[in-house]
Structures are given as C-alpha cells and as structure tokens.
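Trainee: I have a new structure open and would like to talk it through slowly. Could we go over it together?

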Amino acid sequence: MGDSGDKDRPARPGFDRDMLDVLACPACREPVERRDQALVCTGCGRSYPIRDGIPVMLIDEATPPAAPGTDRSRPASGTD
Ligand SMILES: [Zn+2]
C-alpha cells in the first residue's frame, strides 16, 4: 500500500533529469545542476566532481563555492 504512481512533474529541458532527480546536495539537500564534469549545488554552490561518470556526492570531496567578499588572495592587479 502507499505505492503512489509517478507524479506528473514538469520537464526541465537541458538537464539529465533522470540522473539529477535522485541527486541532492548532501550538505543542504538542494538539487544539483550538471556543469561539465561536475555537479554544482543550486543551494550552497558546492561543486561535486564526476569521476568515471559517477558523481561523487561527498561533502569532503566537494569544492566549496567562491565566497564573494572573501578576497584573501587577491591578484596583484597593478599596484605601482
Ligand atoms: Zn548544497
């Protein structure tokens, strides 16, 4: 019991919906977005690598987003 059929969800063209539908950011549970060889969280912005076609959904493996305002390593842009 309780086996409700698949819901009629709106199609999102341009994404591998079948794959991404089951993938969510382990950090914030937001859906991720395919971007080249990585999956980028639409919530926190973490980037999860895809190795051998398998997305590595581990917070420890994720690349943290570039936090705006945190210019700890600003490039030497002509300061002379
Ligand atoms: Zn996230």
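This is a predicted model: local features need pLDDT of at least 70, side-chain atom pairs count only at pLDDT 80 or more; totals for chains, interfaces and linings use all residues.

Trainee: Okay, how many helices and strands are in the chain?

Mentor: The chain has 1 helix and 4 strands, and read from the N terminus the elements follow the order α-β-β-β-β.

Trainee: And what share of the residues counts as buried?

Mentor: Of the 80 residues of the chain, 10% count as buried. As for contacts with a separation of 6 or more, 9% of them are between residues 24 or more positions apart.

Trainee: On to the sheet, then. What is the order of its strands?

Mentor: It is an open sheet of 4 strands in the order S1-S2-S3-S4, and the pairing is antiparallel. Strand S1 (32-35) and strand S4 (54-55) each have a single partner strand, so they stand at the edges and one side of each is left without a neighbour in the sheet.

Trainee: How many bridges join S1 to S2?

Mentor: There are 4 bridges between S1 and strand S2 (residues 38-41), and the two run antiparallel. Among the residue pairs, Glu-33 has Val-40 in S2 as its bridge partner, while Val-32 stands opposite Cys-41 in S2.

Trainee: What lies between those two strands?

Mentor: S1 and S2 form a hairpin with 2 residues between them, and Asp-36 in the turn has a positive phi of about 55°.

Trainee: And going on from S2, which way does S3 run, parallel or antiparallel?

Mentor: S2 and S3 run antiparallel and are joined by 3 bridges, one of the pairs being Val-40 with its bridge partner Ser-47 in S3. These two strands also form a hairpin, here with 5 residues between them, and Gly-45 in that turn has a positive phi of about 85°.

Trainee: Which residues of S2 are on its covered face?

Mentor: Leu-39 and Cys-41 make up the covered face of S2, whereas Ala-38 and Val-40 are on the uncovered one.

Trainee: That leaves the last pair; how many bridges do S3 and S4 have?

Mentor: Strand S3 (residues 47-51) pairs with S4 in the antiparallel sense over 2 bridges, and Arg-51 is found opposite Ile-54 in S4.

Trainee: Switching topic, which residues are in the largest nonpolar core?

Mentor: That core has 7 residues, namely Cys-25, Val-32, Leu-39, Cys-41, Tyr-48, Met-57 and Ala-62. In soluble globular proteins, nonpolar side chains tend to be buried together.

Trainee: What is Met-57 in contact with?

Mentor: If we leave aside its neighbours within four places in sequence, Met-57 is in contact with Leu-23, Pro-26 and Tyr-48.

Trainee: One more residue: why does Pro-55 count as partly exposed?

Mentor: Pro-55, whose place is in strand S4, has 18 C-beta neighbours inside 10 Å. A residue needs 20 or more to be buried and 12 or fewer to be exposed, so a count in between is partly exposed.

Trainee: And what does Pro-55 touch?

Mentor: Not counting residues up to four places away in sequence, Pro-55 touches Leu-23, Leu-39, Tyr-48 and Ile-50. Pro-55 and Gln-37 are 18 residues apart in sequence, with 8.8 Å from C-alpha to C-alpha in space.

Methods:
Residues are numbered from 1 along each chain as its sequence is written. A nonpolar core is a set of buried Ala, Val, Leu, Ile, Met, Phe, Trp, Tyr and Cys residues joined through C-beta atoms within 7 Å. Two residues are in contact if their C-beta atoms, placed from the backbone, lie within 7 Å. Two strands pair if DSSP finds at least two bridges between them.
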